[in-house]
Amino acid sequence: MPVLPPVTQDMLTLPRKLPEGGPVNLIGLTREGLRDALITAGTPEHQARMRAGQIWQWVYNKGVRDFAEMTNLGKDYRAALARDFTLDLPEVVSRQVSTDGTRKYLLRINGGHEVETVYIPDDDRGTLCISSQVGCTLTCSFCHTGTQKLVRNLTAGEIVGQVMIARDDLDDWPVPGAPPNQTRQISNIVLMGMGEPLYNFDNVRDAMKIVMDGEGISLSRRRITLSTSGVVPEIARTAREIGCLLAISFHATTDAVRDQLVPINKRWNIETLLQTLRDYPRLSNSERITFEYVMLRDVNDSDDDARRLVQLIKGIPAKINLIPFNEWPGAPYQRSTWSRIEAFADIIHDAGYASPVRTPRGEDIMAACGQLKSATERARKSRAEIAAEAGL
Ligand code: SAH
Ligand code: SF4
């Protein structure tokens, strides 16, 4: 890495226009954003790109969180950075480890809100399931997150911060000198935690660009899957501006049932959604769309449903991910029986589609799909329930 001359006193005394609110957090800024922040703080324009690149590598490639350790920057410059900026991540409130190795992190973000991030180790991969919002404005009737009223979009820093926190915990930062293809604990990312990622598009995009950047965490776009309930106007943008793989929370084969399960269907129905997917710019066999389908007993799990499903998606390179319903306290549905799930999977398989059944993971710590909901919210709910039971 080329070493620039140390910053002179002049540079440090340049007028600074930092916001009054104190030091600025650099985590989550795009490369351009980082460069602009440095310039605002007095770094000369002609040096800013190089400085931003150096800081970027320390933060996103090496996992360094202390400016003092950025030894290819001059000492005075490091001191100036420490005065003007921070490298803050959400606070880890708790970390639970399931008997199957799944880890769930409860994180507190600015304002005291909480979100969850789940790490799921497998033989051939390690998947990090990250959240994009606190709660969700949508109200899918089978989803625990959807019952949580409190909502705010996560910032790009809070989204990429989840990846960094998990890397810290798993000791997954590259070892200096190791080959670039060393085994990664976190090999895949799915945007399948709390929230609808396409209702927080810009922050999700910026965070994923940081994750994909070749000089940082450097995860391939093909190892990132964004799951949406079907926010049609943002789907094509996902291909253009992020380029990651797409999963659709499909869950029903008629509008009547999908209206109940995934109410956004009333806005963009099955036909509109499927047309958008047919037009998806990146669609190919190697980048198939995943159709997620939650198996709800006697609601959407009949043989007719399976047959309709394969008819509907005909012509779309796809795989179908069957998700046994994960129950949560007060849920109005039950999981389909295993024999029903198998019969459903067989019909899909016979029609030529891969139809993996997603094994529920981390159920003992409420870390499975759709079970995420912050602990404070849970506590609030249960207090409300107690009050209701007591007739208060
Ligand atoms: N909001 C996005 C991403 C988060 S949900 C979306 O809806 O796609 C991730 C997946 O878990 C979605 O397919 C969602 O429908 C599914 N899911 C939600 N609640 C579930 C539950 N209780 N059991 C099984 N899957 C669930
Ligand atoms: Fe929101 Fe997805 Fe849950 Fe629906 S399934 S309420 S879109 S998080």
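How far does a polar side-chain atom of serine 227 lie from an oxygen atom of ligand 1? The second view gives the distance. The model is predicted, with local features needing pLDDT of at least 70 and side-chain atom pairs pLDDT 80 or more, while totals for chains, interfaces and linings use all residues. Residues are numbered from 1 along each chain as its sequence is written, chains are lettered from A and ligands numbered from 1 in the order in which they are written, and side-chain values use heavy atoms, without hydrogens and water.

**View 1. The protein as a whole.** The protein has 12 helices and 13 strands; these are DSSP runs numbered from the N terminus, helices being H or I with at least four residues and strands E with at least two. Of the 392 residues, 52% are buried (under 20% relative accessible area, with a 1.4 Å probe and protein chains only).

**View 2. Polar contacts of ligand 1.** A polar contact is a pair of N or O atoms within 3.5 Å. A polar side-chain atom of serine 227 lies 2.6 Å from an oxygen atom of ligand 1, and one of serine 249 lies 2.5 Å from an oxygen atom of the ligand. Asparagine 326 uses a polar backbone atom, which is 2.9 Å from a nitrogen atom of ligand 1. Taken alone, ligand 1 exposes 530 Å², and the protein buries 96% of that (areas by the Shrake-Rupley method with a 1.4 Å probe).

**View 3. The shell around ligand 1.** The ligand is surrounded by 21 residues, and Gly195, Ser227, Ser249, His251 and Asn326 are the closest (a residue is near if one of its heavy atoms lies within 4 Å). By class, the shell has 10 nonpolar, nine polar and two charged residues. Here Ala, Val, Leu, Ile, Met, Phe, Trp, Tyr, Cys and Pro count as nonpolar, Asp, Glu, Lys and Arg as charged, and the others, Gly among them, as polar.

**View 4. The shell around ligand 2.** Cys136, Leu138, Cys140, Cys143, Gly146, Gly195 and Ser229 surround this ligand. Four of the shell residues are nonpolar, three are polar and none is charged.

**View 5. An aromatic pair.** The whole structure holds four aromatic pairs (ring centres of Phe, Tyr or the six-membered ring of Trp within 6.5 Å). Phenylalanine 325 and tyrosine 333 are edge-to-face because their planes stand at 85°, with ring centres 6.2 Å apart; edge-to-face means planes over 60 degrees apart. Phenylalanine 325 is buried, with a relative accessible area of 1%, and tyrosine 333 is buried at 17%.

Key:
Buried < 20%, exposed > 50% of the residue type's maximum accessible area, 1.4 Å probe, protein only. Polar contact = N/O pair within 3.5 Å; in protein donor to acceptor, adjacent residues only side chain to side chain. Phe/Tyr/Trp six-rings, centres within 6.5 Å; stacked < 30°, edge-to-face > 60°.
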